[in-house]
Amino acid sequence: GIFASMSAFRPETGRAVVASQGKDACTYYQVLATSALALRMEASIPSVTWFSLLRVRIGTGRRHQIRAHLASLGRPLVADATYSLTLLKDYSEWCPRMFLHCRRVALADLGGHEFVAEAALPDDLEIALSRLFRSSGSKNEESDYKEGEEV
C-alpha cells in the first residue's frame, strides 16, 4: 500500500500532493494485470509503455487521494491531465477519458446500518480495457483480467 501524507487540495492548481506536512492518507492496491502498448509520446516517437490494471481500496478519504498517490509513484492514471507529467497524445485512440471507476462503495448510515452501492465498469472503459489487453505484451497477475470481469 501507499502510506503518504497529503497536502490539502489546492483549487488554484486543481491538485493535491504528497507532502510530509499534510494529513495522513492510506491507499491499498493490488495489481490485477499488466500490458504493454506502443504509444507515440510528445515528440511522436513510438515508445512501449506499460500499464497496470489495479484494484484499489482507500483507508482514508482525501480529495484526489488515488490520483495523487499513484502519481507520486510515477504511475498516474491513464488520461489524467492533472496528475500526468507527460501527456500522451494518443490516449484518446484507445481510452476516451481518465480511467478511474468506483465499482463498490460501502458505508454506515446514520443508524449504523451498512449501505452498499455497486456499479459495473462503464462501456467506454470496458472497451478501453479490451483494446489494451488485445495488444501484445500482456502479463496477468494473480487475478487475471478477463473481458467482462468486475474490477
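Biologist: In which strand is Val-56 found?

Modeller: Val-56 is found in strand S3, which covers residues 46-58; strands are DSSP runs of E with at least two residues, helices are runs of H or I with at least four residues, and both are numbered from the N terminus. This is a predicted model, in which local features need pLDDT of at least 70 and side-chain atom pairs count only at pLDDT 80 or more, while totals for chains, interfaces and linings use all residues. Residues are numbered from 1 along each chain as its sequence is written, and side-chain values use heavy atoms, with hydrogens and water left out.

Biologist: Why is Val-56 called partly exposed?

Modeller: Its relative accessible area is 30%, and buried means under 20%, exposed over 50%, and partly exposed in between, with a 1.4 Å probe and protein chains only. Val-56 is therefore partly exposed.

Biologist: How much of the chain is buried by that definition?

Modeller: Buried residues make up 32% of the 151 residues in the chain.

Biologist: What makes S4 and S5 a pair of strands?

Modeller: Two strands pair if DSSP finds at least two bridges between them, and S4 (residues 104-108) and S5 (residues 114-118) have five bridges, so they pair, in the antiparallel sense. Arg-104 stands opposite Glu-118 in S5, and the two strands form a hairpin with five residues between them, where Gly-112 in the turn has a positive phi of about 85 degrees.

Biologist: How many helices and strands does the chain have, and in what order do they run?

Modeller: There are two helices and six strands, and from the N terminus on they run β-β-β-α-β-β-α-β.
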